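Here is a short walk through a protein model, written for someone who would rather look than calculate. Keep the viewer open while you read.

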Amino acid sequence: METITHNKYTVKKIRELTKSTYVVRMERNGMAFIPGQNLNLGLAGDTEKRDYSIYSRKKDDYLEILVKEVEDGLVSKQLKRINPGDALEVDGPFGFFTLKEEHLYSKKFLFISSGTGIAPFHSITGSFPEIDFTLLHGVRYLDETYEKHDYPDDRYISCISQEAGGDFHGRVTDYIKQHPVDKDTLCYLCGNVNMIYDVFDILKEQGVPSENLHAEVYF
Ligand SMILES: Cc1cc2nc3c(=O)[nH]c(=O)nc-3n(C[C@H](O)[C@H](O)[C@H](O)COP(=O)(O)OP(=O)(O)OC[C@H]3O[C@@H](n4cnc5c(N)ncnc54)[C@H](O)[C@@H]3O)c2cc1C
């Protein structure tokens, strides 16, 4: 039987953001990637692997992923228990959820995320800080506005549905209904599939053509 060999990456650091959400930093091993792409990874020696967007920036000499521990999940729970020095098996980068180079400095971007769906936008906006973007981040609670200080204040909008105190009280769908999107804006959506479908419908109603809509579904 053919054995598949995966590339081993050593874990450098774990950064806990909330009780269930954490950033895993690992060595980069010279991996070239386009911001917005993802990795497929799991514990060394384990056959279970999952996809995770790259959270770190192009210029960083490490790779990071942002993970939420899912209740009854397998890999997200295993990753929560790893320690610096442990090995992960990592394949990639994969995916096409990336910005076209010719659009970078000529277009306006709207990034819409739910939960850890903010991860590719952390990589994109950190790698291309000069682009003209607005980032909507839909979460339930204030402490889920993961590392929001990494984004310019006037470009990051938290939409908090279950408690007061964010930039906007409600879901990203409510925000978009109240703040219609210009049809020339390039819209990138990432996270839960229900959010993505709901936002697609609203944006289409507002006249945004489907060629300006891009999505990465997590679950
Ligand atoms: C392209 C791509 C990129 C992804 N990037 C990220 C990322 O950057 N960060 C990240 O945390 N996850 C990301 N995911 C989801 C990730 O691949 C796993 O599905 C997730 O970590 C759960 O894996 P698990 O083995 O713990 O749970 P499993 O045992 O595989 O699944 C348990 C259940 O949890 C559901 N589920 C998956 N994710 C979530 C979630 N966030 N909240 C609630 N339920 C969920 C699944 O649909 C399933 O029903 C990405 C998925 C894809 C396809």
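What follows goes from the domains to the strands, then to the core and the ligand.

First, a caution: this is a predicted model.

**Two domains**

The chain splits into domain 1, residues 7-94, and domain 2, residues 101-217. Their centres, taken over C-alpha atoms, are separated by 23 Å. Where they touch, domain 1 puts in 15 residues and domain 2 puts in 14 residues. On the domain 1 side, the largest share comes from E5, with four residues. Sorted by class, that side of domain 1 holds seven nonpolar, five polar and three charged residues.

**Strands around E3**

Strand E3 covers residues 38-43 and runs antiparallel to E4, with four bridges joining them. Strand E6, residues 87-94, also runs antiparallel to E3, and here the count is five bridges. Here are the two pairings next to each other:

| Pair | Bridges | Direction | A facing pair |
|---|---|---|---|
| E3 and E4 | four bridges | antiparallel | Asn38 and Ser53 |
| E3 and E6 | five bridges | antiparallel | Leu41 and Val90 |

What does Gly45 do in the hairpin of E3 and E4? Gly45 takes a positive phi near 90 degrees, and the hairpin has six residues between the strands.

**The nonpolar core**

The largest nonpolar core counts 49 residues. Those with the most contacts inside this core are Ile65, Phe111, Ile112, Leu135, Leu136, Val172 and Val199. The core draws at least three residues from each of domain 1 and domain 2.

**Around the ligand**

Which residues are closest to the ligand? They are Asp51, Gly73, Val75, Ser76 and Phe219, out of 22 residues that surround the ligand. The elements giving two or more residues to this shell are strand E4 (50-53), strand E5 (62-68) and helix H1 (75-80). By class, the shell is made of ten nonpolar, six polar and six charged residues. Like the core, the shell takes at least three residues from each of domain 1 and domain 2.

Key: Residues are numbered from 1 along each chain as its sequence is written. This is a predicted model: local features need pLDDT of at least 70, side-chain atom pairs count only at pLDDT 80 or more; totals for chains, interfaces and linings use all residues. A residue is near a molecule or strand if its C-beta atom, placed from the backbone, lies within 6 Å of it. Ala, Val, Leu, Ile, Met, Phe, Trp, Tyr, Cys and Pro count as nonpolar, Asp, Glu, Lys and Arg as charged, and the others, Gly among them, as polar. Domain bounds come from an automatic or database domain assignment. A nonpolar core is a set of buried Ala, Val, Leu, Ile, Met, Phe, Trp, Tyr and Cys residues joined through C-beta atoms within 7 Å. A residue is buried if 20 or more other C-beta atoms lie within 10 Å of its own, exposed if 12 or fewer, and partly exposed in between; C-beta atoms are placed from the backbone. Two strands pair if DSSP finds at least two bridges between them. Two residues are in contact if their C-beta atoms, placed from the backbone, lie within 7 Å.
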